[in-house]
Amino acid sequence: DQGTIRAVQLDDRASLQALYGIVGTTDAAQAGQQVLASGATGTARWAAILAYEGAGADPSVLAPYLHDSDLSTRAAAAAGAVAMGDKDAFPVLIDLLGHDEWALGSSPPEELWQIADQALVRATAVADFGPPLDGSIEQARAAQTKWRTWWKHNGASLEYDPTHQLWSAK
């Protein structure tokens with residue numbers, strides 16, 4: 001699986017399909033963690049984070065990448081970290097709602113705000129802030145304002161249910 005992760009080329013559909021074929025497995029998460037520990041950069045780092053966040057359990061593995069200069073890497077790390085119980089990744093996802101760049105390797109193509117929106121909804125079950133998945137960046141930025149308000153009022157009191165990978169305000 002490390003070979004699959006390291007072989008990913010963004011312009012090679014077969015390598016991306018191979019990566020997506022292993023994401024979500026324990027072996028891929030272990031391989032992703034090993035690739036990250038080896039100091040991977042660029043596409044290999046993004047692919048390793050994607051592999052890890054699909055089935056990894058320790059959000060501290062992803063924490064160093066929450067402020068990565070590559071926004072796709074940052075999005076994958078934040079989505080995984082929130083799903084694994086790291087509440088510090090919420091502001092990263094909320095910030096990404098303001099970005100309309102295309103996410104690396106997404107198929108079908110997705111903008112970063114779409115990945116952030118899906119991760120926030122999945123982690124909280126709060127689906128009424130919008131935007132629709134076929135929405136615009138303007139709608140995403142309006143949702144970003146609502147999520148910032150939500151974070152301001154609920155961030156300190158959030159509790160994580162690891163069984164359901166769900167956050168709720170108490």
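Which backbone oxygen does the side chain of Ser 106 reach?

## Ser 106 up close

The side chain of Ser 106 gets to the backbone oxygen of Ala 103, at 3.1 Å.

Ser 106 sits in the loop between helix H6 (90–96) and helix H7 (112–124). Its relative accessibility is 16%, so Ser 106 counts as buried (under 20% relative accessible area; exposed is over 50%, partly exposed in between, with a 1.4 Å probe and protein chains only). Ala 44 is 62 residues away from Ser 106 in sequence, and 15 Å away in space, C-alpha to C-alpha.

## The whole chain

You're looking at 8 helices and 2 strands (DSSP runs: H or I of at least four residues for helices, E of at least two for strands, numbered from the N terminus). In sequence order they run α-α-α-α-α-α-α-α-β-β.

The C-alpha trace spans about 45 × 30 × 25 Å along its principal axes. Of the 170 residues, 45% are buried.

## About the model

This is a predicted model, where local features need pLDDT of at least 70 and side-chain atom pairs count only at pLDDT 80 or more, while totals for chains, interfaces and linings use all residues. Residues are numbered from 1 along each chain as its sequence is written, and side-chain values use heavy atoms, with hydrogens and water left out.

Definitions and conventions. A polar contact is a pair of N or O atoms within 3.5 Å; within protein, one must be able to donate a hydrogen and the other to accept it, and residues adjacent in sequence count only if both atoms are side-chain atoms.
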